[in-house]
Amino acid sequence: MAVYTLSINGRSRAVEAPEDMPLLWVLRDLLGMTGTKFGCGMGVCGSCTLHLDGEPERACQVPVAHVGTRKVTTIEGLSEKGDHPVQKAWIQHDVAQCGYCQPGQIMQAACLLKKHPHPTDAQIDEGMGENLCRCGTYQRIRAAIHTAAKASAPAGPKKAGAK
Amino acid sequence: MNTRRDFLQKTGCLALAFHVPMELKSFARSPEAAGSAALEPNAFLRIAKDGTVTVWATRSEMGQGVRTSMAQAVADELGADWSRVQVQQASSAPRFGDLGITGGSQTTKTTFMAFRKVGATAREMLVEAAAARWKVPAKECVALNGQVKHEGSKRGAAFGELVEEAAKLTPPKEPTLRNIKGMGHSRRRLDGPDLVTGKAGFGTDVRLPGMLVASIERCPVFGGKVKSFDAAAALKVPGVKRVFQVTSGVAVLGEHTWAALAGRDALKVEWDEGPAAQASSAGITAQLAKRLETPGKSVRKEGKGAAGLQGAAKRLKAAYDFPFLAHATMEPMVATADVKADRCDIYAPMQAVGLWMPMLMAATGLKAEQIEVHIPLLGGGFGRRAMPDFLMDAVECSKQAGVPVKVQWSREDDMQHDFYRPATHHELEGGLDAKGNLAAWNHRFAGGSIAASLGFPWPPESTEVSGAGDLPYAIPDLEVEWAQSDVPVPLGFWRAVPASFNPFASECFFDELAHAAGKDPLAWRLELLKGEGKRKVGQESVDLGRLRRVLETVRDQSGWGTAKFRKGRGHGVAAHAYLDCDTYVAQVAEVEVKADGAIRVLRVICAVDCGYAVNPENVKAQMEGGILYGLSAALLGEITLEKGRVVQSSFKDYPVARMEHMPKVEVHIIPHADFVPPGGAGEPGLPPLAPAVGNAVFHATGKRLRSLPMTPEKVRQA
Ligand code: FES
Ligand code: FES
């Protein structure tokens, strides 16, 4: 057991945890931040996706000791008012069914849009391919990503289209 | 056969049936209602002075949108301002009555009228209060958008302003419902904002003061028992508090999930694996095929039945096979219980609260009114959460530990200790007369029975024959025969139950016969569905016009008969009348078959007639969901057994559809001019998908696939 000081959603949080405890359980069980979901615990479903220094990571695969000074962003901290363009697009398209996979989907999509502000369908297939949804919301996820892309970089389509 | 079944039998829950009509039984006003500052005509609705309308949903939300659609039923009758409507979840507290079962796509069908009545009751009270205040006749007042208005005197009052006076009135016994027809409104999910911000509370998110988290090691072989266990190493793991035996195995309780999981890793258990330890998929496949060498039970017979084949000019025979399937809900099984000497609170994402109360009473030794089951959101259900095993884990652990306990299943637990969709083997034979008419049909199939496996007191075939016994086509001599063949695998309800597999056999074989007869498969379906009104199909009856109309819709929308396809591409059609929930669906699937045999479904054109679509956009979402769940089964999913153990343990070896698999889905909802009672939507989108894909693969390649999943290997070998 050791004490780790983590930067989570812009706040510094100290937790005492075994060093191999995945960030997922640190967040959920020690800090009571339950937005990040457990789906497999082995890095194959994407339910636990969050950002470390802006990169998508599977929280179930990151031992707390490896987080270091990297900034953790969870679904709770993606935006202050739940109005990140991805969240807004998700509501607009009524993406969620059961909703369990959606925090992970949204965190993954937010990163995808940073990398590809106007992703093609093939880029969406690739970028979102490891985030599973059993309820069948993929079509709406795709549409919502395109909507969010337009909303966050309205000038973009022309440039992207020029390629 | 297994401990779970014994448990069901011992606890005396067997008299309860799944198919009881589920109505709102209780209209009791909540204890807080009398003299409250809000209008609460019954337990399911509260209108506050600030105008907020709160509806209590009595069915579990697992993604099918019932929390929103139940609130809509109330709000539309009430004339509420939708932006002021919110939803709460009813618990098993007596004032809500029996919560029944969320399953069988029954929620809307069985509760819509009752919830409309809830809304109409409050509307009449508000109108009466306004009329009295304004001294005008009540029938001249209307309730709309959260206001009561009187046109003649140009007066109006918001619901909130009328609440105090309305609350003093006696709720009308038989309020008049509004005249509705056509379709409802597409409303966004009330839970939407919470679902995108991580605030929504699922079963696994439950946290109680002093709670421990448990992980249970179960015997890898179904029905196996603990011989002995050594907890010494587990108890040394930091954070592990207790280790003890429970019905389902050995529980390791920790301060948090990670401690429980790490402790469980260190646990040593010796098992008595029991008689199922020799079971294998190969053995079960052989057993099912052998079973058809002897007669089963004839579940439907028309004309001369199977004997009619003898007179046929041309006969065709084929065998179809299906594997076991796991549900693989995104949220693994989980439940939390707090069992005390005189009270028990359970927080379980479950589908069948009404069904398992007697079992909870037996396990806790408490009376129904001392037990309250709270229903958080379900991270997927698909029938899996109709089973009680995961909540009994929590009840047992909490009782034994004396503190609140959350039992969290791992993904491996979830996949290897499911109640699986039955594996089945089918043999079909069809006969054409000299003119190429479909003269005879014989469908024989063998498999386990879900009802029998669970020890339910229903006929064993009752859970197995939909999609086979209700074949809707006019065939003079027809017989369907089901042969029970028990397997050492727990069976359960999987989205669409037998209609998740039977239609692949019947709708693909129909296609085979169409090709043999030189007929267009879609036109032939329509021809054999000619006629007015309803046709009796076994115990049920099918509305021919409604089934034809969904087929005609996909024909017209898909360019059937005129669409051109490049090499390796093609399309196929299938339809299914989901009679249990009164919904008709047809689909045309367009596929591409790659050189390596991989099937890609490009587009699915889906027509659905679910009567009055309460929330059309949600109906579409449910079709998309059913199609995708069906697609995983059509192309990817298979649970196999070796040495009595489920081989698959995660999404690595039990693949499910991903983003790249999602076809473009176009849903057409059949409009009705009048009011047609609403049917269900959660399951009916699934049954036609696999046969439409199988038929499309044939159209594209000339290869007929008769076993699921349709893997690239099977395509290459076909
Ligand atoms: S829980 Fe982390 S990838 Fe599945
Ligand atoms: S919305 Fe249910 S798993 Fe994705």
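**Close-up views of chain A and its contacts**

**View 1. Where chain A meets chain B.** In this predicted model, 51 residues of chain A and 57 residues of chain B take part in the contact, with contact meaning heavy atoms within 4.5 Å. About 4600 Å² is buried between the two chains, and carbon and sulfur atoms give 60% of that area; buried area is the accessible area (1.4 Å probe) that two parts lose on being put together, summed over both. A quick note for your own checks: residues are numbered from 1 along each chain as its sequence is written, and chains are lettered from A in the order in which they are written. Local features need pLDDT of at least 70, side-chain atom pairs count only at pLDDT 80 or more, totals for chains, interfaces and linings use all residues, and side-chain values use heavy atoms, leaving out hydrogens and water.

View 2. Among the elements supplying at least two residues to the chain A side are helix 1 (23-30) and helix 3 (102-115), while helix 5 of chain A gives the most, with five residues. Helices are DSSP runs of H or I with at least four residues, and strands are runs of E with at least two.

**View 3. Two domains of chain A side by side.** An automatic or database assignment sets the domain bounds, dividing chain A into domain 1 (2-77) and domain 2 (85-152). The contact draws 17 residues from domain 1 of chain A and 14 residues from domain 2 of chain A. Together the domains bury about 1300 Å², 57% of it on carbon and sulfur atoms. In domain 1, A:Lys37, A:His51 and A:Ile75 lose the most area to domain 2. Zero salt bridges are found across this interface, but eight residue pairs are in polar contact.

View 4. Strand 1 (residues 2-8) and strand 2 (residues 11-17) of chain A pair in the antiparallel sense over seven bridges, where pairing needs at least two DSSP bridges. A:Ala2 has A:Ala17 as its bridge partner. In the turn, A:Asn9 has a positive phi of about 50°.

How values were computed:
A salt bridge is a side-chain nitrogen of Lys or Arg within 4 Å of a carboxyl oxygen of Asp or Glu. A polar contact is a pair of N or O atoms within 3.5 Å; within protein, one must be able to donate a hydrogen and the other to accept it, and residues adjacent in sequence count only if both atoms are side-chain atoms.
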